[in-house]
Amino acid sequence: MTLSFDPNTISLPVGHFIGGRLVPAEAVIDMHRPSDGKAYAGCPLADAALVDQAVEAARETLKTSNWGGMRPRERTVALQRWADLIEAEAETLARLEALSSTRPVGHLVAGDIAVTAEQIRFFAEFADKEGGDLVPTDDANFGMIMTEPYGVVGAITPWNFPLSMAGWKLGPALAAGNAVVLKPSEMTPFSTLYLAELSVRAGLPAGLVNIVLGDGPTTGNAITGHPGISKVSFTGSTAAGAAIMTNIARTGVKPMTLELGGKSPQLVFADADLELAAGAIAGSILSNAGQACVCGSRLIVEAKVADVLAAALVERLAAIRPGPTWEETTDYSPVISERQIARMDGIIRAAIDDGAECLTGGRRLDREGYFYAPTLISGVTATSPAVLEEIFGPVLTIQTFEDEEEALSLADHPAYGLAAGLFTRDLSRAIRVTRRLQAGTVWVNRYGRSRDHILPTGGYKQSGIGKDLGRDAYLANRKSKSVLISL
């Protein structure tokens, strides 16, 4: 199967998906393709009235279908059919996603789309395997903890992995018996719309999955502040997460799951397998051009091997094949926007002006679109914006240490604690350092998630509240009730 396609001939599902059908809408937000910078479409903007319509459709569907109260295995089977259809329609989903996003089409079918289907199957199996608990009481009483769906879950997903992030939200919420009103990023909405269409084709009740398009200030605020939405799940920047918390507090109180920003360290000790470390570190910064919240963008390496590791990284970072996301041979992504290119370049220039050395990259690639060369910067200070700010691009800084305590001190970011990497052959050190790293996920002698969906993801500090993936995500979509019966 060849996945390369003509970006000018693809048909786009423009509108909102509410109550099981595409609702036509006038496009008001201009959209540009990252691969060539060309304007190609527009995104509608759902106002509060349209969000009301989506919430009402979700609530009505929960009543008429009894989705949350049916035999749990029926939910499992319906979600598994959806996962099957996602795989069957992988080529169409890949083209829709590649067109507007930074994800190369060649990475999508076996990567993002296959993983999304796996995630939905994974959560589907929780529906009839997770329940309440009988709890110990005295002989005169009978105690139990019951769980039940929240009702309508509001979800907001980012632009960097549109389908994967939609799967993170939809899988556990639906398996747990809820309906969902989801807003994808206004920069990458089309694959999520088609994903929702597939849910109805797979036999899920129409109105269970509703997609409203728009921006954060208008559509996002209407979702997070809506009284008919009982729980919110968001993945995105820490600043946006703080704005969501403020809006929820202003309009009421409801539970939320927030997976937010990161500035993740990768610690390399002198005894590490440097070849393995170099491959994993380069892979982290090159994947999606560093546009991932868990990107390991701070290299903290023992001084005695810093030069050797830096040379290996320079070689790997230079061996890229940039190209349009709609060409199957492309393996290096564009950056999402012109604005992001300018912001990233400004941070790099400031670091160099402050005495840092750019070992490779530090420039825009000479081609159409929003492409930036993978960049490695050494000699940065602990207070440099290149070290402190989440750049969200292919920029890696190097800091060196002499001993374990200094390594941990450098790794401890004042605001973020999403993920961390650790490279060492010393098992005792690996366990000792892992215990002290302030991060919600630690990878040892690797960097990046696997397909083990049982492992939850979420951050410390300002990197988030609650967990996505794993049993934690399913349970976060059900509320508990304590029951005590006198006998």
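Student: How does Arg 449 count by relative accessibility?
Tutor: Arg 449 counts as partly exposed, at 36% relative accessibility. Keep in mind that this is a predicted model.

Student: Why does 36% make Arg 449 partly exposed?
Tutor: Buried means under 20% and exposed means over 50%, so a residue in between, such as Arg 449 at 36%, is called partly exposed.

Student: Ok. Which residue does Arg 449 form a salt bridge with?
Tutor: The partner is Glu 259, and the closest N and O atoms of the two are 3.5 Å apart. The pair links distant parts of the chain, 190 residues apart: Arg 449 is in the loop between S19 and S20, while Glu 259 is in strand S11, residues 256-259.

Student: And is Glu 259 buried or exposed?
Tutor: Glu 259 is buried, because its relative accessible area is 1%.

Student: Why would two side chains like that pair at all?
Tutor: Side chains of opposite charge can pair when their charged atoms come close.

Student: How many salt bridges are there?
Tutor: The count comes to 27 salt bridges. Another one is between the side chains of Arg 429 and Glu 404, at 3.5 Å from N to O. That pair also links distant parts of the chain, since Arg 429 is in helix H14 (residues 427-436) and Glu 404 is in helix H13 (residues 404-411), 25 residues apart.

Student: Where do Arg 429 and Glu 404 stand on relative accessibility?
Tutor: Arg 429 counts as buried at 18%. Glu 404 is buried as well, with a relative accessible area of 16%.

Student: New topic, rings. How many aromatic pairs does the structure hold?
Tutor: It holds eight aromatic pairs. One of them is Tyr 40 with Phe 190, whose ring centres are 6.4 Å apart. Their planes are at 70°, so the pair is edge-to-face.

Student: Where do Tyr 40 and Phe 190 lie?
Tutor: Tyr 40 lies in strand S4 (residues 39-44) and Phe 190 in helix H6 (residues 190-201), so the pair ties together parts that are 150 residues apart in sequence. Tyr 40 is buried, with a relative accessible area of 19%. Phe 190 counts as buried too, at 1%.

Student: What about Phe 122 and Phe 126, how do those rings sit?
Tutor: Their centres are 5.1 Å apart and their planes are at 75°, so this pair is edge-to-face. Phe 122 and Phe 126 are both buried.

Student: Last one, backbone angles. What is phi of Asn 445?
Tutor: It is near 60°, a positive value in a residue other than glycine. Most residues other than glycine have a negative phi. Asn 445 is in the loop between strand S19 (441-444) and strand S20 (460-461), and it counts as partly exposed at 34% relative accessibility.

Student: And phi of Lys 461?
Tutor: Phi of Lys 461 is near 55°, also positive. Lys 461 lies in strand S20 and counts as partly exposed, at 37% relative accessibility.

Methods. Residues numbered from 1 in each chain as written. Predicted model: local features only at pLDDT ≥ 70, side-chain atom pairs only at ≥ 80, totals over all residues. Heavy atoms only, no water. Phe/Tyr/Trp six-rings, centres within 6.5 Å; stacked < 30°, edge-to-face > 60°. Helix = DSSP H or I, 4+ residues; strand = E, 2+ residues; numbered from the N terminus. Buried < 20%, exposed > 50% of the residue type's maximum accessible area, 1.4 Å probe, protein only. Salt bridge = Lys/Arg side-chain N within 4 Å of Asp/Glu carboxyl O.
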